[in-house]
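I opened this notebook to record what I looked up in one structure. The entries follow the order in which I went through the elements.

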Amino acid sequence: MLKNSLHMRIMLWGWAILICALLLTLWFYYGTVASELTSSQEQSTERLLEYVKWRINKSDSQKGSAAFQDEMTRLGSRLGIRITYIINGKVVADSKVSDERLRTLDDHSSRPEVIEAVRSGKGENIRHSATLDTKMLYVAAQMPGKGNILRLAMPYSKIGQRLSRVKTSFFIIFIFIALGSALVTFILGRRTTRAVQSLSETAQAIGNGDYSKRIRVIPGGEFYPLAQSINTMAHRIKKHIKIIEDQKGQLDAIFENMHEGVMVLNYKGQIESVNQSLVDMFPSARKCEGRNPLEVLMRHEIQDAVDSILADIDGEKRSLIIELPDGRSISASIVAFTDYKDRRKVLLVFHDISEIRKVEKVLRDFVSNASHQLRTPLTSIKGYSETLIDNPPQDEAVLKNFLSIIRNNADHMSKVITGMFALARSEYSGKKLKNEPTSLVSTLNQSIGDVAHQAAEKGIVINCSNIPDVDVLGSHEGLVQIFDNLLENAVKYAPENTDISIETTTHENDVFVKVIDKGPGIPHAEQDRIFEKFFKLDENAIDNGSSGLGLAICRSLVRNFNGDIWVESPVDTTTKEGSAFCVKLKKTA
């Protein structure tokens, strides 16, 4: 039915448009031919008018006499036209009227062509003649003498006959073209309908899921873009379906393997699905579809939050922390969302924050250790200061010793506080330090200059040669602080009158810097712990000014620069002495 309807619409509309175009064309050309025939007849009549005027002007007959009437009758008969001579509206001669009827003719001063001739010298008009009972073409001209008008009349029927023949010819042509166009439109309509039916069947097959369906035969060039579009659409849909299936598989894999536990509730507050991580957190959640969260989790606060979100249209998110009997801490985020049917559903995400709590405990321990590190030297400073105030020693050596102890403890406190601020900036600022291309040569040279005085006091020589002129990822301030700490440690623990070596190598996109000393070495069991906060190999760290934070700061800064740091000890396997602190940094292009 659709096929026939489309076919008929195409045929009728096409035929109607063509008929309208033909009618407009024929109407235009018919009007043009009629206008040209009328114009040609008017020009011929005007020429005859000039000829008759010439004959009348040459005539010796008196206007209004019988001889003038006879002359006009003979001339009009010879030329095949009607000649009328008018004086002040009265007809004094007419080639088509007898002498007896001349006196009975109406006054002609009101005739349109006569009025126009009197006004402008010449006038034309086409109308029905009551005298001759036929349609006539009138041409009038002013003659010498006041009120003298010459008028010629030609039967308009000759023009009408020619126009009738033209009209008949146009009508025959119109009939043949209309019939031919109807046949052509019918054939083209059937071809178009078949093509559309083929395209429709293919599109329907694609819509039903048969994405391998293609339009193999294209009936006409005008359908080529549409057929290509449908074939391309089918190919892309098939490709997109594969991508969607792959993405669904990926999402399912992510959903099942993500560390966070996920629970989805329907609009009734019943469990629709859970992932494996939630089952690992709550073994009772296995095969829990269709049940309420309270039945599975046994936590009333979770159920209360879910009920609140489902009941409260404005409620979009809840967050809470639950403590489990086994000591774990779970953070739950509950959020509402709307499905395709505009129904309110709930998503619960559970995150095990036990490790975060442990880190918080470590941070509290860090603050406690820092307080301890500051309390001891502060107590010493306070005690010696009170002694100096209340009971100042008379012996200058004792006084100098007291002041030296106060200064050493103050220096130790300064180092602890400075180290804590540096560590906080690099580790607890919540964002990475600014990384940019930094010259390795300039940072090493500055650090060597910073510790040159300390090294000279112990007679230690720092050997540094063949440093590659490369840029590494980091900041100038941070890299100088790393190398300052490593070189200070090397100078502190190296024996007097020895040397410290700085070796630099590159491998692909990495730069390795080694600071090697000939100190006592580091036991293997403690090589990992030396980078911990406040860890000291020497229990008498206050005496040598150690804060226990230098290497921890180095590790934090290096990791901010996407690098790594470690220690190799002993360097000399024979004497079991020496340590090499190794830093790996990223080379920039």
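**Conventions**

I worked with a predicted model, in which local features need pLDDT of at least 70, side-chain atom pairs count only at pLDDT 80 or more, and totals for chains, interfaces and linings use all residues. I number residues from 1 along each chain as its sequence is written, and side-chain values use heavy atoms, with hydrogens and water left out. Helices (H or I, at least four residues) and strands (E, at least two) are DSSP runs numbered from the N terminus.

**Entry 1: helix 9**

I checked the length of helix 9 (residues 300-311) first. The expected span is 1.5 Å times one less than the number of residues. For the 12 residues of helix 9 this gives 16 Å, and the end C-alpha atoms are 16 Å apart, which agrees.

I then asked which residues of helix 9 are buried. They are Ile302, Gln303, Ala305, Val306 and Ile309. Buried means under 20% relative accessible area, exposed over 50%, and partly exposed in between, with a 1.4 Å probe and protein chains only. The face turned away from the buried side carries the exposed residues His300 and Ala311.

I listed the packing partners of the buried residues of helix 9 as strand 6 (261-265), helix 8 (293-297), strand 8 (317-323), strand 9 (329-338) and strand 10 (344-352). Contact means heavy atoms within 4.5 Å.

**Entry 2: strand 6**

Two strands pair if DSSP finds at least two bridges between them. Strand 6 pairs with strand 10 in the antiparallel sense over five bridges, and Gly261 stands opposite Phe350 of strand 10. Strand 6 also pairs with strand 7 (residues 271-274), again antiparallel, over three bridges. There Leu265 stands opposite Ile271. The hairpin of strand 6 and strand 7 has five residues between the strands, and Gly269 takes a positive phi near 85° in that hairpin.

I traced an open sheet of five strands in the order 12-14-15-17-16, with mixed pairing. Strand 12 (461-464) and strand 16 (564-568) stand at the edges with a single partner strand each, so one side of each has no neighbour in the sheet. The twist averages 15° from one strand to the next.

Within this sheet I looked at strand 15 (residues 510-517) and strand 17 (residues 579-586), which pair in the antiparallel sense over eight bridges. Val513 stands opposite Val583 of strand 17. Helix 14 (residues 550-560) lies across strand 16 and strand 17 and runs at about 140° to strand 16. Axes are lines fitted to C-alpha atoms, for helices over the stretch in contact, and angles run from 0 to 180 degrees between N-to-C directions.

**Entry 3: nonpolar cores**

A nonpolar core is a set of buried Ala, Val, Leu, Ile, Met, Phe, Trp, Tyr and Cys residues joined through side-chain atoms within 4.5 Å. Which residues of the largest core touch the most other members? Among its 39 residues, they are Leu440, Ile482, Phe483, Leu486, Ile500, Ile530 and Phe581. Elements giving two or more residues include helix 12 (440-457), helix 13 (476-493) and strand 14 (499-507). Helix 13 gives the most, with seven residues. I noted a second, separate core of 26 residues, which includes Leu265, Phe282, Leu320 and Ile330.

**Entry 4: single residues**

I found Val515 in strand 15; at 3% relative accessibility Val515 counts as buried. Among the residues that Val515 touches are Leu486, Ile500 and Phe581.

The peptide bond from Ser569 to Pro570 is cis, with omega near 0°. Pro570 is found in the loop between strand 16 and strand 17.

Lys287, in the loop between helix 7 (276-281) and helix 8, has a positive phi near 55° without being a glycine. Lys287 is exposed, at a relative accessible area of 75%. Asp342, in the loop between strand 9 and strand 10, has a positive phi of about 60° and is not a glycine either. Asp342 counts as exposed at 65% relative accessibility.

Notes
Lists of a residue's contacts leave out its neighbours within four places in sequence.
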